[in-house]
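Have a look at the sequence and the structure first, and then I'll walk you through a few spots.

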Amino acid sequence: MSFVKRLEFGNYTLKFGEKKVLLDMFDEIVMPSFLEMKYIRKLGDNSEYFFLDTELIILDDNAEEPVLGIAGRMVKNTKLKRDQIFKEGELVDDKDEMESAPSSTFLLILNNHRLILTREVAGAPTIQNFQSTSQYCLSQAYKDFINKEFDEADDAKKKNPDLSE
């Protein structure tokens, strides 16, 4: 049976504390977390997940509330290993590996927190892989944001020691 491409849909709820949602921290955290290969989630020695060809797109340019999305690809860069093959009627030791990078295309609609994903080839990243990879990238972008805020506050305090904390 050949591989069949299917659209998969999911909800993508993201909150920052009690009051802020995905679009509230878009410029500071969300978009930087999806930038092409900025953050790479590594699994063991042979696999890594990252985003590629990401871009902000306008799905509806309504002046009151435009509908925005992040579109791109998610790549699973890995090495497939084998220890043996079946040759001429018997199992034969044959260690080898091959690089593979299956990908999925996604659209994350920011206004309603909907995710649309399609796996481009067999073995491509799933919605669950998207969730765990985006969570990793978001946490890294959040750390970078907090560190930047801290450094800026620390620099301001050094320039003016009378500033309150």
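**Pocket, helix and salt bridges**

Let me begin with the lining of the largest pocket: six of its residues are nonpolar, six are polar and none is charged. Here Ala, Val, Leu, Ile, Met, Phe, Trp, Tyr, Cys and Pro count as nonpolar, Asp, Glu, Lys and Arg as charged, and the others, Gly among them, as polar.

Before I go on, this is a predicted model, where local features need pLDDT of at least 70 and side-chain atom pairs pLDDT 80 or more, while totals for chains, interfaces and linings use all residues. Numbering runs from 1 along each chain as its sequence is written, and side-chain values use heavy atoms, with hydrogens and water left out.

How much space lies in the largest pocket? About 200 Å³, the volume being the space filled by probe spheres set on grid points that are joined across faces, edges and corners. A pocket is an open set of points on a 1 Å grid over the protein atoms alone, where a 1.4 Å probe fits, with protein on both sides within 12 Å along at least five of seven lines; lining residues have an atom within 4 Å of a point. Among the lining residues are N11, Y12, F16, I29, Q131 and Y142. Helix α2, residues 127–159, gives the largest share, six residues; helices (H or I, at least four residues) and strands (E, at least two) are DSSP runs numbered from the N terminus.

I29 also takes us to helix α1, where it is one of the buried residues. Seven of the nine residues in α1 are buried, meaning under 20% relative accessible area with a 1.4 Å probe and protein chains only; exposed is over 50%, and partly exposed is in between. Their cover includes β2, β5, β6, β8 and α2.

Now for the charged pairs. The whole structure has ten salt bridges, each a side-chain nitrogen of Lys or Arg within 4 Å of a carboxyl oxygen of Asp or Glu. In one of them, D53 and R73 meet at 3.9 Å, N to O. D53 sits in strand β5 and R73 in strand β6, so this pair ties together parts 20 residues apart in sequence. R73 also forms a salt bridge with E120, with the closest N and O atoms 3.0 Å apart. E120 lies in the loop between β9 and α2, so that pair ties together parts 47 residues apart in sequence.

Terms used: Contact = heavy atoms within 4.5 Å.
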